[in-house]
Amino acid sequence: MPWCRGKINQWDTKSQQMALLLLCHTHGMTKARGHAQIEPFWPGASVTACRSIQISQTFRTLASLLFLPPKDNLSNEMAPHLQNFFAYVDSHQEEFIDRLRKAVEIPSVSGDAAYRNEVFRMGEFMATELKKLGASVQKRDVGTQVLNGQTIQLPPIILSTYGTDPTKKTVLVYGHYDVQPALKEDGWNTEPFKLVEDAQHRLNGRGSTDDKGPILGWLNVIEAHQYLGVDLPVNLKMCFEGMEESGSEGLDELIIAEAKGYFADVDVVCISDNYWLGTKKPCLTYGLRGINYFLLEVKGPSRDLHSGVFGGTVHEPMTDLTLLLSKLVTPNGEILIPGISDDVAVVTASESSTYNTLDFEIGELEEAVGSKTLIHDTAKEALMHRWRYPSLSLHGIEGAFYAPGEKTVVPAKVIGKFSIRSVPDMDPERITELVTHYVKAEFAKLGSKNTISIRCTHGAKPWVATPNHWNYVAAAKAVKYVFNVDPDYTREGGSIPVTLTFQDALGKNVLLLPMGRGDDGAHSINEKLDRSNYIEGIKLLGAYLHEIAAVQT
């Protein structure tokens, strides 16, 4: 068999060779065809190539058992089970994608009161799926909120447990089942709440990557182990919320209250709610920026006015607001608020050097942006300003005319929206104090008879973990096993406030283990999750749990 001599001769049992011949004969394969089909089961080979040929589930499973690498290449004793697990995931891609399709079709937009019932429906979907898998489920009521002038119920926080073996480690995983708003007229190529796979095998749909794909990944891992008759190597606790895109109301209080209750036996925390640095290489994330979100309101007349009648006779709120917004940040990203960067931790030479080894090029960032409008010329400069330095962004103006056509209105009240992304060692309360003082001082200089108010709607501290913790060691081994590369270690420019809450309240290491790519477009139009990232991501989550069980603590 010259077509597979280099593979078969690495094993020393004739029974394996005979079994392979039997498999080839049973499936009517030619020699060349047999080589092409078996090759993908070799660790690191192309799953796409394997997927393109319709191989039966039986053949996948048997081949995965036959083509195990030598024992000294396995990262732990459970690796044979991982091979079976990987084969199962490959052969059940469509079922896993269908589960994601059902989730994406639920428009669980948490920031709009009109969609609150849909957020509840998504929470019920998660609870039902978990119960089908035999997990215990608690739906925690966290009260009400005022949204769009209405007092409405907050969606439940889903707490779930799978496994209570005291001899096993316990991993807490977190994710969210709510999503950002999305309308076809925003510029989507497809209906945002229909999962559509395009010619590039991208799964397009709101929430596909943020965060429905990743949270369903954990459920897929459980299902695969059950089907294979393999015990999950750890106890799994899950915390899924429905308000992450709208400030995570009620979550911090629940975590703190349950730190010595529901979460008392947790050993480590894993969150899959972020992305690879680029599009080619997996990463582990150990830092996030914080956020302060501000609403700046300018009020003038008691009602909207006609500009032809009143233009030039009143102080116009829109004029005041745009002048104030222009004094916050320069086109090159420099924050103009005095003292805002005084508390930023100094970048050490050692830290600076870590950016030199990252597998990332400036062109990847331009591709993700979709234009050549980057402020910085090198990947290192761009990444440091994305992760390591604060930024201020203007988001919108509420109350101003924005529809197509012409309307000569003078708005009576407008609200400017902006945020500051903070880094260690900045404090949210200090940021709010500096911004409030500066904006009021700048408004006084205008000599306007209008009135202003400014408030921070939510603030979150930046987060940094210890990347040499055994939690990260296990994750790195899992990445190596699934992707055959060592991961990059990265920070993120975004904010996931719950990371710091888990770290402080539970006193445990928190890991960010991303599933999606850097060009997934979360929060943007045409959000997507590549099929390969979804499928390989499920494998990664499962491999991580096995490595957690095996790693020395």
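## Terms and overall composition

Two strands are taken to pair if DSSP finds at least two bridges between them. Helices and strands are themselves DSSP runs, numbered from the N terminus.

The model is predicted. The secondary structure of the protein chain amounts to 19 helices and 20 strands. The chain has 553 residues, of which 51% count as buried. Among contacts between residues at least 6 apart in sequence, 78% join residues at least 24 apart.

## Strand S4 and its two partners

Strand S4 spans residues 157–162. It pairs with strand S1 (residues 136–140) in the antiparallel sense, over five bridges. Within this pairing, Gln 138 has Leu 159 of S4 as its bridge partner. Five bridges also join S4 to strand S8 (residues 235–241), and these two strands run antiparallel.

Is strand S4 mostly covered or mostly open? Six of its six residues are buried, and the strand is mostly covered. The burial applies to both faces: Ile 157, Leu 159 and Thr 161 are buried on one side, and Ile 158, Ser 160 and Tyr 162 on the other.

## A four-stranded open sheet

Four strands form an open sheet with antiparallel pairing, in the order S13-S15-S11-S16. Strand S13 (391–398) and strand S16 (451–460) stand at the edges; each has a single partner strand, so one side of each is left without a neighbour in the sheet. On average, and with direction ignored, neighbouring strands of this sheet are turned by 20 degrees against each other.

Strand S11 (residues 290–299) and strand S15 (residues 413–422) run antiparallel and are joined by 10 bridges. Lys 299 has Lys 413 of S15 as its bridge partner. Helix H16 (residues 428–446) packs on the sheet and touches S11, S15 and S16, with its direction at about 165 degrees to that of S16. Helix H12 (residues 317–326) lies across S11, S13, S15 and S16, and runs at about 150 degrees to S11.

## Helix packing

Two packed helices are described by the angle between their axes and the distance between the axes. For helix H7 (residues 93–104) and helix H19 (residues 531–550), the angle is about 105 degrees and the axes are 11 Å apart. H7 and H19 are therefore roughly perpendicular to each other. H7 contributes Gln 93, Glu 94, Phe 96, Ile 97 and Leu 100 to the contact, and H19 contributes Arg 531, Tyr 534, Ile 535 and Ile 538. By class, the contact of H7 with H19 has six nonpolar, one polar and two charged residues.

Helix H15 (residues 379–387) has Ala 379, Ala 382, Leu 383, Met 384 and Trp 387 buried. The buried residues of H15 pack against helix H14 (362–369) and strand S18 (488–492).

## Cysteines

A disulfide is a covalent bond between the sulfur atoms of two cysteines. How many disulfides does a search of the whole structure find? The search finds zero.

Cys 456 has a relative accessible area of 25% and is partly exposed.

Methods: Residues numbered from 1 in each chain as written. Predicted model: local features only at pLDDT ≥ 70, side-chain atom pairs only at ≥ 80, totals over all residues. Heavy atoms only, no water. Axes fitted to C-alpha atoms, helices over the stretch in contact; angles between N-to-C directions. Parallel < 35°, antiparallel > 145°, perpendicular 65-115°, else oblique. Contact = heavy atoms within 4.5 Å. Nonpolar A, V, L, I, M, F, W, Y, C, P; charged D, E, K, R; others polar. Disulfide = S-S within 2.5 Å. Buried < 20%, exposed > 50% of the residue type's maximum accessible area, 1.4 Å probe, protein only.
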